[in-house]
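Visitor: I have not seen this one before. Can you walk me through it?

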Amino acid sequence: IEQPARMSGKTTICSSEVSISAVSAIKCTPQNTIYSAFLFGFFPTSYFLLWGSIALASPFLADIVWMAKNNLRLAWILPALPMGLLLSLSLAVGIFYIHVNYIEEFIMYAVLCVVLYKTPKQLAATIAVSFIISFIIKQVSPFHF
């Protein structure tokens, strides 16, 4: 099967049984990045860049978590981040109502409250910050569940 890559002016040759969708995904891919497209039928450049940037940022994020052992504010804010995400997924909040859309995420929120519990003051502060983070996520996120 031979497909011209119109964008780059190169020719891609596949000598095995490849489905039509894989070949059409290959046709505009440069020659040196063809392995993912040839094996799986697509080349997810955006996913590659996203996960690569997360991998590069993870040592810095781990350092922040390590510093939270000795910093009271970080110790209260960091647990609120995943809790706020779970709240934003599980609750529908309006001016006059709070409704639980997904009970599984709300149960996980309660489990996180139990697992991350240290003192009543820390738990109250973490829950308050998680509600604020949930509100920010609801306002900023383009995805609405």
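Guide: What follows is a short tour of a predicted model.

Visitor: How many helices and strands does the protein have?

Guide: The secondary structure comes to 7 helices and 4 strands. From the N terminus on, the order is β-β-α-α-α-α-α-β-β-α-α.

Visitor: What share of the residues counts as buried?

Guide: Of the 145 residues, 24% count as buried. The protein exposes about 10800 Å², and carbon and sulfur atoms supply 72% of that.

Visitor: Which residues make up the largest nonpolar core?

Guide: There are 7 residues in it: Met 83, Leu 86, Leu 87, Leu 91, Tyr 109, Leu 112 and Cys 113. The elements giving two or more residues to this core are α5 (80–90) and α6 (103–115).

Visitor: Take Leu 86. What does it touch?

Guide: Leaving aside residues up to four places away in sequence, Leu 86 touches Glu 105, Met 108, Tyr 109 and Leu 112.

Visitor: New topic. How many aromatic pairs are there?

Guide: The count comes to 1 aromatic pair. The ring centres of Phe 106 and Tyr 109 are 6.2 Å apart and their planes are at 20 degrees, so the pair is stacked.

Visitor: Where do Phe 106 and Tyr 109 lie?

Guide: Both are in helix α6, 3 residues apart, which is about one turn of the helix.

Visitor: And is Tyr 109 buried or exposed?

Guide: Tyr 109 is buried, because its relative accessible area is 6%, under the 20% cut-off. Phe 106 has 31% relative accessibility, so it counts as partly exposed.

How values were computed
Residues numbered from 1 in each chain as written. Predicted model: local features only at pLDDT ≥ 70, side-chain atom pairs only at ≥ 80, totals over all residues. Heavy atoms only, no water. Core = buried A, V, L, I, M, F, W, Y, C linked by side-chain atoms within 4.5 Å. Buried < 20%, exposed > 50% of the residue type's maximum accessible area, 1.4 Å probe, protein only. Contact = heavy atoms within 4.5 Å. Phe/Tyr/Trp six-rings, centres within 6.5 Å; stacked < 30°, edge-to-face > 60°. Areas by Shrake-Rupley, 256 points an atom, 1.4 Å probe, with all protein chains shown as cover.
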